Amino acid sequence: MDIFADGTAAPETEPAGELPEVEAARTLPLAELHLHIEGTLQPELIFELAERNGLALPYSGLEELRALYEFSDLQSFLDLYYANMAVLQTEQDFADMTRAYLARAAAAGVRHAEIMMDPQAHLSRGVSLETCVNGVASALATSVEDFGMSTLLIAAFLRDLSEESALEVLDGLLAINAPIAAVGLDSAEVGNPPAKFERLFAKAREAGLRLTAHAGEEGPASYIIEALDVLGVERIDHGIRCMEDQDLVERLVDERIPLTVCPLSNVRLRAVDTLADHPLPAMLAAGLNVSVNSDDPAYFGGYVDDNFAQLQAVFELSEFDRSRLAANSIHSSFASEERKAELLDELNGG
Ligand code: ADE
Ligand code: ZN
């Protein structure tokens, strides 16, 4: 199927009487735009790194750890996510975690990945900016030759901490010339509106960085508006609660604002009751610029291919929709126009 430059696709008609497709859907080349590298820390790697670093974990084994992966909301997940980061101590630990993600994502069809990391969550444990940034960046530096995947790094700031803390860390990142392409905003959303970080985002923009922020995951649709109007972000991470504000939906469609949606995350963090209740099909039908992403795949039951497979099982997405989601991910990335053209060509079978 041909995908045009604006992300729309040439219409196709089903021959009458054709049986529904039963073979596995082709793995589409796509961009993953919403991925927290610390959320790729698999239970096995948590134990391996704990042993390597001589740390005692508060779990007797994999089974006891996995039993904790039942979340009631975002905060209940964040508590475990931050606790498990204790095993990340050295550059090698960060590099190993990142390479494990790249290998798995490549198998899922990811051809370009924009990877968030949470520097403040490491600094607060006494791990330096250089250790966490250099560790992740060293694995990303060879992602093209090792996995055929272009990558870039996003420094995400914790919105439940102060703006002063975020400004200090951004200064630190700029001072060490950290190879970051963008800044993001994550962690506990409700009660921490985007406007709290106006100066941070202004400074990041001045430094030439691209801008994205989590909004409308658990927080209200008004946080999406604030992220756009006060922070000036180009992209919204999650954004599913835009569906509660029809005027906002129309604006997002008109301005083609990318929404990096994470269906399995939304189910596991109880933003929606079940995958069948997920607004993704309605978002597609409304003409929103949505992509499918994995958020924290080690915690939420799957990587981007698993997200697609489960969506497919519940909603029977058409090839048109799957291709549109892949094309949206490429168009919405912070990759160069040349790289986007390459990926779109690949998607179109070129
Ligand atoms: N940090 C890691 N995953 C997150 C999510 N889904 N929402 C907010 N902050 C996060
Ligand atoms: Zn996220």
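In helix 6, the buried residues are C132, V133, G135, V136, A137, A139 and L140; buried means that 20 or more other C-beta atoms lie within 10 Å of a residue's own, exposed means 12 or fewer, and partly exposed is in between, with C-beta atoms placed from the backbone. Before I go on, this is a predicted model, in which local features need pLDDT of at least 70, side-chain atom pairs count only at pLDDT 80 or more, and totals for chains, interfaces and linings use all residues. Residues are numbered from 1 along each chain as its sequence is written, while chains are lettered from A and ligands numbered from 1 in the order in which they are written.

Back to helix 6. Helices (H or I, at least four residues) and strands (E, at least two) are DSSP runs, numbered from the N terminus. An α-helix has 3.6 residues a turn, so residues three or four places apart point the same way. The cover over the buried residues of helix 6 includes helix 4 (91-107), strand 2 (110-117), helix 5 (119-123), helix 7 (143-147) and strand 3.

Now the strands. Two strands pair if DSSP finds at least two bridges between them. Strand 1, residues 30-36, has seven of its seven residues buried. Strand 1 pairs with strand 2 in the parallel sense over five bridges, and L35 has I115 of strand 2 as its bridge partner.

Strand 2 also holds M116. M116 counts as buried because it has 25 C-beta neighbours inside 10 Å. Setting aside neighbours within four places in sequence, M116 is in contact with L35, H36, I37, I154, A156, G184 and D186, where contact means C-beta atoms, placed from the backbone, within 7 Å. By contrast, M116 and L228 are 19 Å apart in space, C-alpha to C-alpha, and 112 residues apart in sequence.

Strand 4, residues 180-186, has six of its seven residues buried. Strand 3 (residues 150-158) pairs with strand 4 in the parallel sense over six bridges, and in strand 4 the bridge partner of L158 is D186. From strand 3 the chain passes through helix 8 (residues 163-175) to strand 4 in a right-handed β-α-β crossover; right-handed means that, with the strands pointing away from the viewer, the path from the first strand over the helix to the second runs clockwise. On to strand 5 (residues 210-215), which runs parallel to strand 4 and is joined to strand 4 by two bridges. One bridge partner here is L211 in strand 5, for V183.

Which residues are around ligand 1? They are H36, G39, L74, Y81, D186, S187, H214, E217, S265, D295 and D296, each with its C-beta atom, placed from the backbone, within 6 Å. By class, this shell has two nonpolar, five polar and four charged residues. Ala, Val, Leu, Ile, Met, Phe, Trp, Tyr, Cys and Pro count as nonpolar, Asp, Glu, Lys and Arg as charged, and the others, Gly among them, as polar.

Last, two backbone angles. R270 is not a glycine, yet has a positive phi of about 65°. R270 sits in the loop between helix 12 (263-268) and helix 13 (280-285), and is partly exposed, with 14 other C-beta atoms within 10 Å. E316, also not a glycine, has a positive phi of about 50°. E316 is in the loop between helix 15 (304-315) and helix 16 (319-331). E316 counts as exposed because 11 other C-beta atoms lie within 10 Å.

Note on methods. Contact = placed C-beta atoms within 7 Å.
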